[in-house]
Amino acid sequence: MKRNYIIMGFVILIIAGGLTIWFVIKKDSNQNNNNNNDNNNQNNNEVIDNNEGIFDPEAYEKYAEKIAVVEGDNAWYYQFLINSFDDGENTQNFFTGCNLKYAKFKDIEGYENIGNNNQYPSLAISDKSTNGVTEEEEVLLIDNYFDQKQFKKEITIKDLDELKLYNLDKGLIVDLFNKTYNSNFDKTISKFSIKGCSIQSDEEKDGYKYNIGVMHLRRGIGAIRIDLLYNDGTYLSELVENKKASNEQKEIYKNFQEIEEYIVENQEVNIRDEFDLNKDVYNRLFDIIETFDD
């Protein structure tokens, strides 16, 4: 009997020891997981320097970028971005486009019935598809293709033979990439408060409101499109294009185009003194664009 008690005590001792070890390991594991989660949360707020393989909170400032913007049909604007930590030795490539006239997909012919037609028109979220491939998916295909190829030269259509596109034009991609490739790397960080693509406006007054489409880049304003949207749903640009604009409207639109060019070339939005335009229609415009660098 005594021998049985000794054996039972020995077994209990082994079990207790095992449980102690298990709790210690479990505690260490939980602590490590908590530490890893803390590190992950911290790293999510940092930029990864892929070339160095370390987390660098100032990496955003070290990026050098090449970028080009072109205007397409129906107020679509496209950009191609090449960025690098080492001035082109290793690059990341980004293609996208947005519409600087319409505030929602559903206002654009051909996009009325897509799944997210109430959202702002950007290729990066476009559900419009051909042969079961959406524009959003093609944007990612283009980015990945150029990342893999790492072109260090101007390209031709033949260089895109392995890239299958159903929605977007290869000629556009080639021209835009070459324009970007032939530009200079730049590390400028914009002073403006606007982000991405957007439509800026004001309250309707005197039968119209402003419709200002802006493509904002890291380095500044890449494109701006200034228009008036009348309360009957027509645009000043449409009146001019369809030869239905009055002489005053033609003059206003011409001045808008000069202002657009000045803003992009000079990256300046406080321009009242640069243009001798004192009518209310222009003062309303200046009031809007001056908020871009608040």
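Analyst: Let us begin with helix 7, residues 280-289, which is mostly covered, with seven of its ten residues buried. Buried means under 20% relative accessible area, exposed over 50%, and partly exposed in between, with a 1.4 Å probe and protein chains only. Helices (H or I, at least four residues) and strands (E, at least two) are DSSP runs, numbered from the N terminus.

User: Which are the buried residues of helix 7?

Analyst: They are Val281, Tyr282, Arg284, Leu285, Phe286, Ile288 and Ile289.

User: And what covers the buried residues of helix 7?

Analyst: The cover includes strand 8, strand 9, strand 10 and helix 6, residues 247-266. Contact here means heavy atoms within 4.5 Å.

User: Before we go on, what sort of model is this, and how are residues numbered?

Analyst: This is a predicted model, in which local features need pLDDT of at least 70 and side-chain atom pairs count only at pLDDT 80 or more, while totals for chains, interfaces and linings use all residues. Residues are numbered from 1 along each chain as its sequence is written, and side-chain values use heavy atoms, with hydrogens and water left out.

User: Back to the strands. How do strand 9 and strand 10 run, and how many bridges join them?

Analyst: Strand 9, residues 208-217, and strand 10 run antiparallel and are joined by ten bridges. Two strands count as paired if DSSP finds at least two bridges between them.

User: What about strand 8 and strand 9?

Analyst: Strand 8, residues 197-201, pairs with strand 9 in the antiparallel sense over five bridges. Glutamine 200 stands opposite isoleucine 212. The hairpin of these strands has six residues between them, and aspartate 206 there takes a positive phi near 60 degrees.

User: Where else is there a positive phi in a residue other than glycine?

Analyst: Alanine 75 has a positive phi of about 70 degrees, and phi of lysine 243 is near 60 degrees. Alanine 75 lies in the loop between strand 3 and strand 4, whereas lysine 243 is in the loop between helix 5 (236-241) and helix 6.

User: Buried or exposed, for alanine 75 and lysine 243?

Analyst: Alanine 75 is buried, with a relative accessible area of 6%. Lysine 243 is exposed, at 75%.

User: Changing topic: how much space lies in the largest pocket?

Analyst: About 260 Å³ lies in the largest pocket. Of its 13 lining residues, the closest to its centre are Glu65, Ile67, Gln79, Leu81 and Arg218. On a 1 Å grid over the protein atoms alone, a pocket is an open set of points where a 1.4 Å probe fits, with protein on both sides within 12 Å along at least five of seven lines, and lining residues have an atom within 4 Å of a point. Grid points are joined across faces, edges and corners, and the volume is the space filled by probe spheres set on the points.

User: Which strands supply the lining of the largest pocket?

Analyst: Strand 3 (64-71), strand 4 (76-84), strand 5 (92-99) and strand 9 each supply at least two residues.

User: One more residue: where is tyrosine 181, and what is it in contact with?

Analyst: Tyrosine 181 is found in helix 4, residues 170-181, and is partly exposed, with a relative accessible area of 24%. Leaving aside neighbours within four places in sequence, tyrosine 181 is in contact with Lys66, Ile82, Phe151, Lys152, Lys153 and Glu154.

User: Finally, how many helices and strands are there in the protein?

Analyst: There are seven helices and ten strands. Of the 294 residues in the protein, 40% are buried.
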